[in-house]
Every structure is written in C-alpha cells, then in structure tokens.
Amino acid sequence: MNRPENINPPLSRAARLRGMLLSPELEFIMEAHNGLSARVVEEAGFKGIWASGLALSAQFGVRDNNEASWTQVVDVLEFMTDVTRVPILLDGDTGYGNFNNMRRLVRKLEQRGVGGVCIEDKLFPKANSFIDGERQPLADADEFCGKIKAGKDSQHDDDFCIVARIEALIAGWDMKEALRRAEAYRQAGADAILIHSKLSRPDDILTFAREWGNRAPVVIVPTKYYSTPVEMYRRAGISMVIWANHMIRAAVAAMQSVAAEVRETESLLNVEDRIASVNEIFRLQGADELKEAELRYAGGTQGRVHAIVLAASRGEELDRLTQARPKVMLPISGKPLLRRLVDEFKKQGINDTTVVAGYRADAINIPGVKVTVNAEYASTGELASLACAQADFADNMVILYGDLLFRSYILRDALEHEGEIVTVVDSAAAAGPLSGSPDYAWCSAADDRAVIDRDVTLARIDKDPGGGQGPCQGRWIGMLRVRGAGRQWLAEALHELKQRPDCHALGLPHVLNHLVQHGRPVRVLYINGHWLDVNSLEDLDRAGDFTQGNA
Ligand code: SPV
Ligand code: MG
C-alpha cells in the first residue's frame, strides 16, 4: 500500500537524539534517575534525558564507582523508557569493560529503546570526575577508539548515538591532549564529543570549542561553571548542554527537609502543602490510563461487583438496643452486622459497597463503605432507599437488606448465577409458619434439590401467605443479584413505580413483582436454610449462635 506523501513514520528516539546533536540550536537535556524523575523531566518540556551515572548510583544509595552493575543500570533505564517518549542518553561510564562489553551494552540499550550512550576515556571501575580527578588514570586512546568502533559496529539502528567523553582536562592533561583525543575518537566513529571540565569558569570549554571548530557536535556538562550564561555556549557553537544531576539533588534536599521537619514536629501539618499530593503521584504513575484500559479490556466496571445494602430502618422491635444506632450496627458476637456483611463481600472480591442509611446514619462507621442517606426513611420504604443509591448502580451488583446473615456460599452462588436478575429463595421456609414479616415467594417450579441450575423464575412475592396461587415455594431472603440488562430493567421499574401515588410505601417485593409483570425474567436461586435476618431479640440470640457455627 502506498503511504500518503505527507505522513512520515515517527522518528525513533535515537534519530531524535541524533537530530538534537546535529541541530544548529543549543539543546538541553536534564538528568533523571528512575521512571518517576524521567517522567517529571519530560513533562517539564525537556526534549531529552541524561541518565546520569552519578544520579543512578545515588538513587541506589551506592557510590559512583561502578558499584551498581551495568545490568542494574539497564533495568532502571527500562523503567525510564517505559514511561517517556523523549530520547535518553545513558552515561555509560567506561562502557563497563572492554570493547566486548561495549558491544553487548549497545545491543542491550537498543533493545530497551535508549537513544545513545556516552562513554568516557577512563579505566573500569571509574570514579566520579569531581572526586580527585587529577589522580585518575586515562584509558589508552587507541584502546578507547577500539571500544567506540566496536560499539558503532554493533548498533542496529544507524541513528543510535555514541558520544565520546574526554576526561583529559579532568585528569590534569592539557588542551592539546584533549584535542588530540577528540580527533582520534571522531575518526573512530564517535557521533559527538563531550568535553568535561571541573573549573568554575567556562574558559577550558570555550577554548576547546574554538580550537575544535565544529568537527563534530560538542556536548558540555556545566555542573561546576553553572553561573555561565548559556548565551556564551550558543555563541561558541556548543551543541548540547547536560544539566547532569539536578533532579537527584532536588529530591535529596526536599527529602532531607521534610524528614527533619516531621521528625522534629511529630506532625504532617507543616509539610502537607509543600509536598506532592498523593493524587499527583497517582497521575505521574498513569493511574488514569489504567482506568481507561479497564474499560477497554475488563468490560469496565462490568467485572466489578457493587454491593448496595439497605440499612435505613431502626429495628423498633429491638427497642433500647437500637436507640443510639441502627439495626445494622448491632454487634453479633462482638462484630456489627454491617461489618460482617462487608467481610462477606470482601471474601467474594466485592470492594465497592454503598449503604443506604436513615435512622442514626451518623452511627454507621464501617471503614471503606460509602454511606448514602435516605432522609425520608421514617415515612418511606425500601423502594425510596434503593432510589437513593441509584447513582451507584453498576452493571454488576448485589442488593440486599442490611440485617442478613448467611453462609458465604449463598452470596458466591448468587454472584455466579448467570441470570440478569436473580432472587435468592429459601425453599426450606415453604413449610412455614414463619416469624417476622417474611416475603413469601411463588416460583415457576418448586425446589427439586436433585437438580442443580434449573431454570426457575419468580412469579410473585407477597407478605400474605395467601397472596399467590396455591402454597408458596419458599421465602425470599432479601438478596437480589443484578447484572447486564437487569440494571436497566431495575432502573425502569424504579422510574415507573415512583410515579405511583403510594410509592413511599413500596418495598423491594413491589419492585420484583413489577419486573415480573412486565415480562422480565426474574430468576430464582434456591437455597435450603443457612441464613437468617435479625428482627427481634430472639433473632439476635439465634444470630449469635449462627455466627459461632451452632445454627
Ligand atoms: C554524571 O552525571 O554521572 C556525570 C557527569 O558523569 S559528572 O558527574 O559531572 O561527572
Ligand atoms: Mg557519570
């Protein structure tokens, strides 16, 4: 297929690094030492990154003497290239060995998307140029030329850049030696020359640039002569400036200041506003992208189940026990009912829970649940409570009363059921009579405990045991599972029922009957005991036994 002429493939990072070295503009790259700092540097607008040997060793907490292995360095580079698009120039020290190590280094760097490497003409293991520089031995120039050639011969991408760094001025040699080496390295194939100086003024650098006369791009590191205006470098025809260690130094200063202050004041108050927010860290980590990916690949929130717990009522029958708290906060064997429910949810991987509270909503203090209040709880039923949670409706949810206790398999089976709307019906309760105000259920077929997964649907739910046709098939336990189209059916039912003048008095059974009447298949999952709800003091005793495994 012909490519339209005006569309070019994006340039590789190596090509962009090469472009910066060759451009007539003065270019700047900034140090970074891990994925996060690389991202910060790119966001600040730098067109390239210096993966500094000093900063990389420092972030490991080791010295800049090749104490970190080259593969450890390359592993960090992978994190850096993963989160950025701009080219990275690695400070490859001496190439971590001889010509052969250099060949392997170049291949590995290309594989990880690094745009180029800078090697310096010292001996392995090297030391930082600013520590006793003049006592540092230089590499033999011929041997170093072999290393450059070996690197160039092993690169696959023609644009991969090898920058040769001259340490002659650092090691106490003269300008002549620096120029002699620069020319030899250029002839060996170096794409640019980095001339390093530890003077506090740029004199050496400017002399070198003048004598060099642009035979190959010149790169500088003005760590020591930082007060020089960059305009001087422009005029001197310098190609690229490396700000070589300023991210690691900024991080260290900030960490020292915050650590000291928090240690001293035993408080976070003074530091909170001057450090990055947790949300900013999430942003830099790319949390939003993961959310989008979930939508694309995991069906968004479809995979996640949201629990909605109706817990607005006081539980009057429990009298003084519920004076200061709603029923769901009553402790059963030392643990509030709602806490037990949330623990059951977690067992099934449900981590999103909305509780619709009403009576003494303020007393609901279970961590990790969202509390929504039905302010009209005293004069409305469950339909109104459910409507309060409508904003949290999900494609996959379970809706249940807050006073339920059940064995874990009941929720698990409800979640595994494939129906769009599934009611859990206890067939053991069909024999009745039942205490409390049970919801009797009439179903398309009775529970045949010999057959698993029969396609049974709900016909009606009623508080009156004579409210359906013939004897009921069981009791709805107050658990409803909704998924896929079921969510829409439920929303429509709520909308239609809210138009009724008696809507304030309607409960969940009305919603289920409405769905059935409108031809929606409300499926039945039969169980046989293993649950209870808490309505009376008697129930409370039984609940204690239940949670201790005696019921
Ligand atoms: C580095 O950043 O590790 C460098 C530059 O090599 S310097 O520390 O200035 O030598
Ligand atoms: Mg270095």
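Colleague: Is Asn 279 buried or exposed?
Modeller: In this predicted model, Asn 279 counts as exposed, because its relative accessibility is 57%, and its place is in helix H11.

Colleague: How far is Asn 279 from Val 356?
Modeller: Their C-alpha atoms are separated by 28 Å, and along the chain Asn 279 and Val 356 are 77 residues apart.

Colleague: What else in helix H11 takes part in a pairing?
Modeller: Arg 283 lies in that helix, which spans residues 278-285, and Arg 283 forms a salt bridge with Glu 43, with 2.9 Å between the closest N and O atoms. Glu 43 sits in helix H2, so that the pair links distant parts of the chain, 240 residues apart.

Colleague: Which residue pairs with Lys 122?
Modeller: Lys 122 forms a salt bridge with Glu 120, and the closest N and O atoms are 3.0 Å apart. Lys 122 counts as buried at 3% relative accessibility, and Glu 120 counts as buried at 0%.

Colleague: Why would such side chains pair at all?
Modeller: Side chains of opposite charge can pair when their charged atoms come close.

Colleague: Which residues are linked in a network of salt bridges?
Modeller: Arg 18, Lys 152, Asp 159 and Asp 191 are linked in that way.

Colleague: How many positive and negative side chains does the protein have?
Modeller: There are 64 positive and 76 negative side chains, and the centres of these two sets lie 3 Å apart.

Colleague: Switching to the backbone, where is there a cis peptide bond?
Modeller: A cis peptide bond joins Phe 124 and Pro 125, with omega at about -5°. Pro 125 has its place in the loop between strand S4 (116-120) and helix H6 (141-154).

Colleague: What about phi of Asp 93?
Modeller: Phi of Asp 93 is near 50°, which is a positive value in a residue other than glycine. Asp 93 is found in the loop between strand S3 (88-91) and helix H5 (99-111), and Asp 93 is buried, with a relative accessible area of 5%.

Colleague: And phi of His 530?
Modeller: His 530 also is a residue other than glycine with a positive phi, near 70°. His 530 is found in the loop between strand S20 (522-527) and strand S21 (531-533), and His 530 is partly exposed, with a relative accessible area of 40%.

Colleague: Next, Ile 332: which residues is it in contact with?
Modeller: Leaving aside neighbours within four places in sequence, Ile 332 is in contact with Leu 337, Arg 340, Leu 405, Leu 540, Ala 543, Gly 544 and Thr 547. The C-alpha atoms of Ile 332 and Thr 547 are separated by 7.5 Å, although these residues are 215 residues apart along the chain.

Colleague: Where does Ile 332 sit, and is it buried or exposed?
Modeller: Ile 332 is found in strand S10 (residues 331-332), and Ile 332 counts as buried at 2% relative accessibility.

Colleague: How many helices and strands does the protein have overall?
Modeller: The protein has 18 helices and 21 strands. Its radius of gyration is 36 Å, well over the 24 Å that the globule rule gives for 551 residues, so the protein is more spread out than a compact globule. The C-alpha atoms fill a box of roughly 110 × 65 × 45 Å along the principal axes.

Colleague: What share of the residues counts as buried?
Modeller: Of the 551 residues, 48% count as buried, and the accessible surface of the protein comes to about 26,800 Å², with 50% of that belonging to carbon and sulfur atoms.

Conventions
Residues are numbered from 1 along each chain as its sequence is written. Chains are lettered from A and ligands numbered from 1 in the order in which they are written. This is a predicted model: local features need pLDDT of at least 70, side-chain atom pairs count only at pLDDT 80 or more; totals for chains, interfaces and linings use all residues. Side-chain values use heavy atoms; hydrogens and water are left out. A salt bridge is a side-chain nitrogen of Lys or Arg within 4 Å of a carboxyl oxygen of Asp or Glu. Helices (H or I, at least four residues) and strands (E, at least two) are DSSP runs, numbered from the N terminus. Buried means under 20% relative accessible area, exposed over 50%, partly exposed in between (1.4 Å probe, protein chains only). The radius of gyration is taken over C-alpha atoms; the globule rule is 2.2 Å times the number of residues to the power 0.38. Accessible areas come from the Shrake-Rupley method with a 1.4 Å probe; for residues, only the protein chains shown count as cover. Lys and Arg count as positive and Asp and Glu as negative; His and the chain ends are not counted. The place of a charge is taken as NZ of Lys, CZ of Arg, CG of Asp or CD of Glu. Contact means heavy atoms within 4.5 Å.
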